[in-house]
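Q: Hi! Could you walk me through this model? I'd like to start with the overall fold and then go into the details.

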Amino acid sequence: MADIPRHLRACLDMGKIAFLAILVSGGIVLQILACALYNNWWPMLSVIMYVLLPMPLLFFAGSDSTSLFNESDNSWINAAKFMTGASAVGSIAIPSILKHAGLIGWGALAFDLSSYLVFLVAILCYICIGDDSDNYYSYI
């Protein structure tokens, strides 16, 4: 990718950021639609998990993102991985429990889980884009 002019590379990078922004915006819209279409704001409870999801990684891992993908002897990194996994499971469990309790319907559950899926795709695309290798343009 060294032969691409600098202005074209900057344009491609801005397109990637715009793509991520569209994904996150779509997830937010789906979350709001899960509540507004069915006149029931209980699905908004899963937003708490979306906010709590990155917190263990921010507090315990810091800027050392390479240790998240490898086995680590650091107990703080392992605790961050565990709490992040528990938050991710909670993001799926909260709408499922609300549906089981009869507080939301099938449509709100579908919108809520699709919102989670869109956020997950955005996170995975961010991880692929953030890779500093030369072949990361093929992920989007």
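**Chatting through the fold**

A: Happy to! In this predicted model, residues 24 or more positions apart account for 65% of the contacts with a separation of 6 or more.

Q: Let's talk about H1. How does the distance between its ends fit the expected span?

A: Helix H1 covers residues 6-36, which is 31 residues. At 1.5 Å a residue it should span 45 Å, and its end C-alpha atoms are 44 Å apart, so the two values agree.

Q: Which residues of H1 are buried?

A: They are Lys16, Leu20, Leu23, Gly27, Leu30, Gln31, Ala34 and Cys35. As background, an α-helix has 3.6 residues a turn, so residues three or four places apart point the same way.

Q: Is Ser115 buried or exposed?

A: Ser115 is buried, because its relative accessible area is 0%, under the 20% cut-off.

Q: What else does Ser115 touch?

A: Leaving out residues up to four places away in sequence, Ser115 touches Gly27, Leu30, Gln31 and Tyr50. Gly27, Leu30 and Gln31 are among the buried residues of H1.

Q: Switching to cysteines: how many disulfides turn up in the whole structure?

A: A search finds zero.

Q: Okay, and are Cys35 and Cys125 buried or exposed?

A: Cys35 counts as buried because its relative accessibility is 0%. Cys125 is at 13%, so it counts as buried as well.

Q: Which residues make up the largest nonpolar core?

A: There are six: Met49, Ile94, Leu98, Ile104, Ala108 and Leu109. Helix H4 (75-100) and H5 are the elements that give two or more residues to this core. A second, separate core has five residues, including Leu20, Leu23, Ala122 and Cys125.

Q: What about Ala88, where is it found?

A: Ala88 is in helix H4. Not counting residues up to four places away in sequence, Ala88 touches Leu53 and Tyr116. The C-alpha atoms of Ala88 and Pro54 are separated by 9.6 Å, and these two residues are 34 residues apart along the chain.

Q: Now the loops. Where is Asn39 found, and what is its phi?

A: Asn39 is in the loop between H1 and helix H2 (46-52). Its phi is near 50°, a positive value in a residue other than glycine. Asn39 is exposed, because its relative accessible area is 68%.

Q: Last one! Which residues does the UniProt annotation "transmembrane region" cover?

A: According to the unreviewed UniProt entry, that annotation covers residues 17-39, 45-63, 75-98 and 104-129. In the model, residues 17-39 are 87% helix and 0% strand, with end C-alpha atoms 33 Å apart. Residues 75-98 are 100% helix and 0% strand, and there the end C-alpha atoms are 34 Å apart.

Terms used. Residues are numbered from 1 along each chain as its sequence is written. This is a predicted model: local features need pLDDT of at least 70, side-chain atom pairs count only at pLDDT 80 or more; totals for chains, interfaces and linings use all residues. Side-chain values use heavy atoms; hydrogens and water are left out. Helices (H or I, at least four residues) and strands (E, at least two) are DSSP runs, numbered from the N terminus. The expected span of a helix is 1.5 Å times one less than its number of residues. Buried means under 20% relative accessible area, exposed over 50%, partly exposed in between (1.4 Å probe, protein chains only). Contact means heavy atoms within 4.5 Å. UniProt positions are given in the numbering used here, feature names are shortened, and annotations may be inferred rather than shown by experiment. A disulfide is a pair of cysteine sulfur atoms within 2.5 Å. A nonpolar core is a set of buried Ala, Val, Leu, Ile, Met, Phe, Trp, Tyr and Cys residues joined through side-chain atoms within 4.5 Å.
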